[in-house]
Amino acid sequence: MRDSSRSNHWLTATLLTPASLWFVFMLIFPLIVILVFSFGERAAVGGYAGGFTLEQYANLPSRLKAFQNTMLIAPAGTLLSLMVAYPLAYFLAIRVSRRYKLILLVLVIVPFWTSLLVRTYAWIFILGGRGIPTLLEFIGIEGVRLINTPGAVLVGIVYGYLPLMVFPIFVSLEKLDKNLLEASSDLGGSPVKTFMQITLPLSMPGIATGCMLVFILLMGEFLIPAFLGGGKVFFIGNALVDLFLQSRNWPFGAAVSVTLVVIMLITVSLYMKLTLGGKTGRDVSLM
Amino acid sequence: MRIYAIAVFLFLYVPIGIIVLFSFNAGRHASELRGLSVQWYGKALSNPFVGDAFVTSLIIAFSVAVLSSFIGTTAALALQRLKGKMRVLFDSLIYISVMIPGIVIGIATLVALVTVFDFVNPVIASIWPEGVKPPKLQMGYASVIAAHTLFTMSLVIILVRARIAGMDRALIEASMDLYATPWRTFFQVTLPQIYPAILAGFLLSFTFSFDDFIISFFVAGANTTLPVYIFSSIRRGITPEVNAIGSMVLAASLFLLVMAQFLLRDRNSR
């Protein structure tokens, strides 16, 4: 076939052009700009003045609290989501009959695709002064403050990201050969032993994928701490909004962003090395 | 186990229910339920700011959905032909686009575009004829649409590629053997098989863009989208009107999701 491989190359290149343009101009270029800015200085009126200095990075400890909160609450939130999600995923994958399985799974995932803003706002309402604290006063418990605490932020996190955790675990449990469970109990394995030796290890890829997805999103979280942490419990994301939109200290903000992305990359690659032995999670799918 | 599952489902849906319930509040205070009425919906719908923000969000979400379905599908079709290093490069770019926090995309896009605009605008002004006001590049529809599309086109690529992988290659070969042109093979064999994934991608892109807050917050410029409007209203105080707007936003995304799910199920059952 004459020229067919050459015209095939042209076709492939043409089809990839729009996507490549987007990757270059909306991903690679902006990330390079941020990197360059992070070595610059703040202009007198805010914004950016050129230069090469490590001053911004040296200044990072001034936002230590935001980093600490993020690095403590993000893993805690991930773990808590896992603990809430696992039994549900197990129930959906193994205990529920085929008839109801799909509809129940859809019911778990649907909230994830609706406005996180509105769903988080619901918790301001529930945890706020006239929500649960008022109900508690009726039964005689007074002076309980729920909103603007780390606990409130954790509740918001579990609520917001539970669907993302349930789905990959469900997928890995669903694939699990049910005969293995029967074989184990036939051979006298107790339910606990069956779970620890068969179910849990075989669902590890799902657990790893779910934890990674939730953790990554939490590292850049802004809304949940903004609404439920009320300036007391703030993340790196909140510091970034403050730096870029209020104090307009772009170079420092850039340095914080770069640090955030670097921490994220390190944690994720470490995590993948540890849990998956280098294999990337192939269950990454949101629907 | 069953009780636990019911409890989790309640945990997921009760807060949404509370927002919807309180949006029908007849009283003036957000947190005291005094009879039911739809007055706050009327108020929300007649608020010009809400209307403007809603239209802005619709324009952006629709453009994002059209762009990402097109770019995502073409890229997915090309990627199946790609091998070796280029394939690895594109796979990494796709996953980075999906994984990178929205706030970093928002900030990086803002900073990059403002820098480019600061550089380009004086150039345009200098070559523009005297007496005519030169156009000024600034943040607006285009910047939000472009920033959202980075994430959503990658999502479409992932969805369509999964569909292509599950497709019956024999049909394409049969079509080629019967001397159909590549175009005809594409439109009569490939496209009908992948279109549910494209449509689902379209709807998910629309939903993502319509619900996104953080990227729009940084790059929308003077164009307030609905989530940005809701955010600033909440900052000013919780009112039943915000509940009504929130309920409408939830209803809109639910509607789109049901459609997307329907299409993806159609795919699975074939």
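Helices here are DSSP runs of H or I with at least four residues, numbered from the N terminus.

## The model

This is a predicted model, where local features need pLDDT of at least 70, side-chain atom pairs count only at pLDDT 80 or more, and totals for chains, interfaces and linings use all residues. Residues are numbered from 1 along each chain as its sequence is written, chains are lettered from A and ligands numbered from 1 in the order written, and side-chain values use heavy atoms, leaving out hydrogens and water.

## Thr70 in chain A

Thr70(A) sits in helix H3 (residues 64-95) of chain A. Its relative accessibility is 0%, so Thr70(A) counts as buried (under 20% is buried, over 50% exposed, in between partly exposed, with a 1.4 Å probe and protein chains only). A polar atom of the Thr70(A) side chain lies 2.9 Å from the backbone nitrogen of Ile236(A).

## Salt bridges

Across all chains there are four salt bridges (a Lys or Arg side-chain nitrogen within 4 Å of an Asp or Glu carboxyl oxygen). One of them pairs Glu174(A) with Lys101(A), closest N and O atoms 3.1 Å apart. Glu174(A) is in helix H7 (residues 150-175) and Lys101(A) in helix H4 (residues 98-109) of chain A, so the pair ties together parts 73 residues apart in sequence. Lys101(A) is buried at 9%, while Glu174(A) is partly exposed at 27%.

Over in chain B, Asp91(B) bridges to Arg87(B) at 3.7 Å, N to O. Arg161(B) also meets Asp91(B), at 2.9 Å. Through shared partners, Arg87(B), Asp91(B) and Arg161(B) join into one network.

Note on methods
Helices (H or I, at least four residues) and strands (E, at least two) are DSSP runs, numbered from the N terminus. A polar contact is a pair of N or O atoms within 3.5 Å; within protein, one must be able to donate a hydrogen and the other to accept it, and residues adjacent in sequence count only if both atoms are side-chain atoms.
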